[in-house]
Amino acid sequence: MIIQSINGISYRLRTAHDLSWLSNYGRVFSVIDETGSGCICFGVENPDGRFFFKIAGADTIEGEVSPAESVTALKNAVQIYRDLAHPSLISLRDSFRHGELYAAVFDWADGEGLFDHWNFDKYSAENITPPYQRFKKLPIDKRLNAVSDIISFLENTATKGYVACDFYDGSLIYDFDRDKLTICDIDFFRKAPVVNSVGEDYWGTKRLKAPEEYIKGAVIDEATNVFTLGAIIFDIFGSFSDTDIAKRYEKCAFVPCSRDKWELSDAAYKVVLRAVSPEREQRYMSISAFAEHFRNALNK
């Protein structure tokens, strides 16, 4: 492992790589060097504001793909961000090649990631309440506002002919000072039609994946996204023990909480329970249909 720095901000790579050119764009004030995507990310500030630089092609310490594969993935993702532009989605400003590297530049989003697993050990060691637990303690109306933003974004995704892939709480940034949700990291979204070409290792966390996301050759579509949305909402308004979560990984299956561990109404529970039905034919077939039933249920 190699440790380098820009403007006093240290970052780690498997092999040395000159990233000093970033200083041409402003003062580097933040870095994320642990990502499975093979990208390294920097916060950069200049007179025009704060920006988020996502750079592919360097040999990162946690990259699960080769540098060349990370470049291809990020180049493909740039078009996805353009196509799915939405008030809750992090805003793409620019993209460019720099030697063998490729960079995408976004507006900086204040807030904290709701599944910041790279810092779990730090939270435990320093007795810090993780962002997701803080989010869960917010008043119900604030969390419902965040869910409304997620629903709106997924409706937009479907309208534009895309299917959400690898969408989970790690794709959510929450600004606790302004109660603002920002969606990020949608690099694996795909244009429909989509088929699970890899089987049980299809992108996504076992905490939230739909059954078809484990089956090679299965269709991945809007009904799949309804399941994901329902699972996210269950996690936001349901109570789950560490054992409950562990079972999802062991059984490769999402299991909803019981009614007595659910914060919202009976009607809302039934709607979200239908959304996460293992039998896709029993779910709502579209995000909009789910959204209509969910909003009606909240008023009962």
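Mentor: Let's start with N196. This is a predicted model. Setting aside neighbours within four places in sequence, N196 is in contact with Y202, E212, E213, Y214, I215, K216, G217, A218 and I220.

Trainee: Where is N196 placed?

Mentor: N196 sits in the loop between β13 (194-195) and β14 (219-220).

Trainee: Why is N196 called buried?

Mentor: The relative accessibility of N196 is 0%. Buried means under 20%. N196 is under that cut-off, so it counts as buried.

Trainee: What makes the approach of the N196 side chain to the backbone oxygen of E213 a polar contact?

Mentor: The side chain of N196 reaches that backbone oxygen of E213 at 3.3 Å. The cut-off is 3.5 Å, between N or O atoms that can donate and accept a hydrogen. The distance is within the cut-off, so the pair qualifies. I215 gives another case: its backbone oxygen lies 3.1 Å from a polar atom of the N196 side chain.

Trainee: Now S37. Where is S37 found?

Mentor: S37 is in the loop between β3 (27-32) and β4 (39-46).

Trainee: Why is S37 called partly exposed?

Mentor: Its relative accessible area is 27%. Buried needs under 20%, and exposed needs over 50%. The value for S37 falls in between, so partly exposed is the label.

Trainee: What does the side chain of S37 make a polar contact with?

Mentor: The side chain of T35, at 3.3 Å. A polar atom of the S37 side chain also lies 3.2 Å from the backbone nitrogen of C39. Leaving aside neighbours within four places in sequence, S37 is in contact with V65 and S70.

Trainee: How far apart are S37 and V71?

Mentor: They are 34 residues apart in sequence. From C-alpha to C-alpha, S37 and V71 are 9.7 Å apart in space.

Trainee: S152 next. What makes S152 partly exposed?

Mentor: S152 has 29% relative accessibility. That lies between the 20% and 50% cut-offs, so S152 counts as partly exposed. S152 belongs to helix α4 (residues 140-159). Its C-alpha atom is separated by 9.4 Å from that of P87, 65 residues apart along the chain.

Trainee: How many disulfides are there?

Mentor: The count comes to zero.

Trainee: How do you know that C184 is in no disulfide?

Mentor: The nearest cysteine sulfur, that of C41, is 9.5 Å away. A disulfide needs two cysteine sulfur atoms within 2.5 Å. The C41 sulfur is not within that limit, so C184 has no disulfide. C184 counts as buried, at 14% relative accessibility.

Trainee: On to the strands. How do you know that β1 and β2 pair?

Mentor: Pairing needs at least two bridges. Strand β1 (residues 2-6) and strand β2 (residues 9-13) have five bridges, in the antiparallel sense, so they pair.

Trainee: What is the order of the open sheet of three strands?

Mentor: The order is β8-β10-β11, with antiparallel pairing.

Trainee: Why do β8 and β11 stand at the edges?

Mentor: β8 (112-113) and β11 (180-183) each have a single partner strand, so one side of each is left without a neighbour in the sheet.

Trainee: What makes β8 and β10 a pair?

Mentor: β8 and strand β10 (residues 172-175) have two bridges, in the antiparallel sense. At least two are needed, so they pair. In β10, I173 stands opposite G113.

Trainee: Finally, the chain. How many helices and strands are there?

Mentor: Eight helices and 14 strands.

Trainee: Why is the chain called as compact as a globular protein of that length?

Mentor: The radius of gyration is 20 Å. The globule rule gives 19 Å for 300 residues, and the two values are close, so the label holds. Buried residues make up 48% of the 300 residues.

Key: Residues are numbered from 1 along each chain as its sequence is written. This is a predicted model: local features need pLDDT of at least 70, side-chain atom pairs count only at pLDDT 80 or more; totals for chains, interfaces and linings use all residues. Side-chain values use heavy atoms; hydrogens and water are left out. Helices (H or I, at least four residues) and strands (E, at least two) are DSSP runs, numbered from the N terminus. Buried means under 20% relative accessible area, exposed over 50%, partly exposed in between (1.4 Å probe, protein chains only). Contact means heavy atoms within 4.5 Å. The radius of gyration is taken over C-alpha atoms; the globule rule is 2.2 Å times the number of residues to the power 0.38.
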